[in-house]
Amino acid sequence: MKYVSTRGEAEGKGFAEILLEGLAPDGGLYVPERYPRVDAATLNRWRGLSYAGLAFEILSLYIDDIPPADLRRLLDTTYTAEVFGTKIITPLRALEPGVFVLGLSNGPTLAFKDVAMQFLGHAFEYELARRDRTLKVLGATSGDTGSAAEHALKGKRGVEVFMLSPLDRMSPFQQAQMFSLQEANIHNIVVEGVFDDCQDLVKAVSADLAFKRLQSIGTVNSINWARLLAQVVYYFAGYFQATRSNDERVSFAVPTGNFGNICAGHVARMMGLPIERLVLATNENDVLDEFFRTGTYRVRAAAETHATSSPSMDISKASNFERFVFDGLGCDAARTRELFEQVESQHTFTLAARDRDRVAGFGFTSGRSTAVDRLATIRNVHERFGEVIDPHTADALFVGRAHAERATPMLVLETALPAKFNATVRDALGRDAPRPAGFEGIEDLPRRFVSMPPDIARLKALIAASGPTEACA
Ligand SMILES: *Cc1c(COP(=O)(O)O)cnc(C)c1O
């Protein structure tokens, strides 16, 4: 399997080559040259597999430059009951007639990003060792990404993590999850500014190509194909739990920010998983809902981007969206390039009528959930079922319910546990979210971080000062 750029870079690359890369050199995103189709007999065979076994079958279709025995070992090490708290890894539970919740948040940081990031951690370590290389992972976070990345990469050979976060903007729980890590390869950098300052610093460092190469700087952001691929697995796992035969279809409701999670659903559908609808739920930052309703993609200015109570979906543009548009345009790279260059220059594009018709054939519908809807949904679920759900999951449930059809089970993706967003749970219920065992008092643990003003030179000096970590065996 080769990977090509959505903007038409000619030569295809293998999975292991793009694993450690970000954008393609032409500014596009890597996509597989085709989606492998899975037939009914294969689906039947996969039904009985363990999560790691299923992951191996799916990832093998996309990875031919890691020996199968090694890939199997990486996946067996990643998807364990020990790490995810349950042998099923992503258990499905019934909520109300026709509506199910797919639990993706049982990993170390209690958010769905662990499912892919834990695999990425093992894959990075493996590939760096094979290449006799080291990598400095640089990132900016306002919450879930940073902690998932740090918990996946802590203690990994050959990797160092430099994670920038804005001063006092994350929930106390999220801060504790990151800052309590004592591993020497984790560097928490608190920036005296807002998230955009952090992101600008990362961009400025990455734009210095000489520094980037010399220091071997990489990322783990959501455009990474390996992350997306690892997320495809739980769409299959959810389907198998909700159905008894391949004649049945299901829909998924997905709380969406950067279009990574739901893009994995799109890939699963392209592979032949019987998905009726992919229901895209946004919060007040409704760039993508607007696109699916109108055919116009209009990225927002910073001043137009709302700080909401489902903060992991507060985006001004959706970094994975180009992958879907590429498919929607019939894999026309020239046209994709044109549209996304127009986004860079004019912040918007509108699909032609012909392309809108084609996009309509991919099974998407969308909706938007606001602060009021979110709180009401958390309250409603608590009153009726005695369960507490997190604000992002509430957005997906709200929009999913509005699009539910009687004959088709609706699987709502649970992307975080409520303990991470306790302030909003308190607003909704007047009480604290339940805290999973092992997380009691994490706010009181000793904290490791440095803080600095948004200063590129100081950041570069800090990155350059730490050496490679592969030395001790
Ligand atoms: C990251 C995140 C999302 C958004 O996922 P995308 O892949 O960016 O669409 C939703 N909910 C939670 C809790 C998250 O951490």
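This section describes the domains, nonpolar cores, aromatic contacts and selected loop residues of a predicted model.

The protein is divided into two domains, each built from separate stretches of the chain: domain 1 comprises 3–84 + 111–225 + 445–465, and domain 2 comprises 92–110 + 232–429. The C-alpha centres of domain 1 and domain 2 are separated by 22 Å. Across the boundary, 44 residues of domain 1 make contact with 48 residues of domain 2. The size of an interface is often expressed as the accessible area lost when the parts come together. For domain 1 and domain 2 this buried area is about 3900 Å², with carbon and sulfur atoms giving 58% of it.

In soluble globular proteins, nonpolar side chains tend to be buried together. In the present model, the largest nonpolar core has 107 residues, and those with the most contacts inside it are Tyr 79, Phe 236, Phe 259, Tyr 297 and Phe 321. Helix α11, which spans residues 225–242, gives the most to this core, contributing 14 residues. The core also extends over the domain division, since at least three of its residues are drawn from each of domain 1 and domain 2. Phe 236 touches Leu 43, Trp 46, Leu 54 and Ile 58, as well as Ala 268, Met 271 and Leu 273, when residues up to four places away in sequence are not counted. Another core, of 20 residues, lies apart from the largest one; Val 381, Val 388, Ala 394 and Ala 428 are among its members.

A search of the whole structure for aromatic pairs returns 26 of them. A pair of aromatic rings is described by the distance of the centres and the angle of the planes. For Tyr 297 and Phe 349, the ring centres are 5.5 Å apart and the planes stand at 45°, so this pair is classed as tilted. Tyr 297 belongs to strand β11 (residues 296–298) and Phe 349 to strand β12 (residues 348–350); the pair therefore ties together parts that are 52 residues apart in sequence. Tyr 297 is buried, because its relative accessible area of 2% falls under the 20% limit. Phe 349 is likewise buried, with a relative accessible area of 1%. Tyr 297 and Phe 349 also belong to a cluster linked by ring pairs, whose other members are Phe 259, Phe 291, Phe 292, Phe 321, Phe 324, Phe 340, Phe 362 and Phe 364.

Arg 72 lies over the face of Phe 56, at 3.9 Å from the ring centre. The charged end of Lys 460 is positioned over the ring of Phe 211, at 5.4 Å from its centre.

Several individual positions were examined further. Ser 222 is located in the loop between β8 (217–218) and α11. With 18% relative accessibility, Ser 222 counts as buried. Beyond its neighbours within four places in sequence, Ser 222 contacts Arg 227, Asn 258, Ser 319 and Asn 320.

Pro 91 occupies the loop between α5 (81–84) and β3 (92–96). Pro 91 is partly exposed, at 23% relative accessibility. Its contacts, leaving aside neighbours within four places in sequence, are with Thr 86, Val 101, Leu 102, Gly 103, Asn 106 and Gln 241. Pro 91 and Glu 9, which are 82 residues apart in sequence, have their C-alpha atoms 40 Å apart.

Arg 358 is part of helix α16 (residues 353–359) and is partly exposed, with a relative accessible area of 34%. Apart from neighbours within four places in sequence, Arg 358 is in contact with Gly 328, Leu 329 and Gly 330.

Cys 331 has a phi of about 60° and lies in the loop between α14 (321–328) and α15 (333–346). Cys 331 is partly exposed, with a relative accessible area of 47%. His 347 has a phi of about 65° and is found in the loop between α15 and β12. At 44% relative accessibility, His 347 is also partly exposed.

Definitions and conventions: Residues numbered from 1 in each chain as written. Predicted model: local features only at pLDDT ≥ 70, side-chain atom pairs only at ≥ 80, totals over all residues. Heavy atoms only, no water. Core = buried A, V, L, I, M, F, W, Y, C linked by side-chain atoms within 4.5 Å. Buried < 20%, exposed > 50% of the residue type's maximum accessible area, 1.4 Å probe, protein only. Helix = DSSP H or I, 4+ residues; strand = E, 2+ residues; numbered from the N terminus. Domains from an automatic or database assignment. Contact = heavy atoms within 4.5 Å. Phe/Tyr/Trp six-rings, centres within 6.5 Å; stacked < 30°, edge-to-face > 60°. Lys NZ or Arg CZ within 6 Å of the ring centre and 35° of its normal. Buried area = accessible area lost by both parts, 1.4 Å probe.
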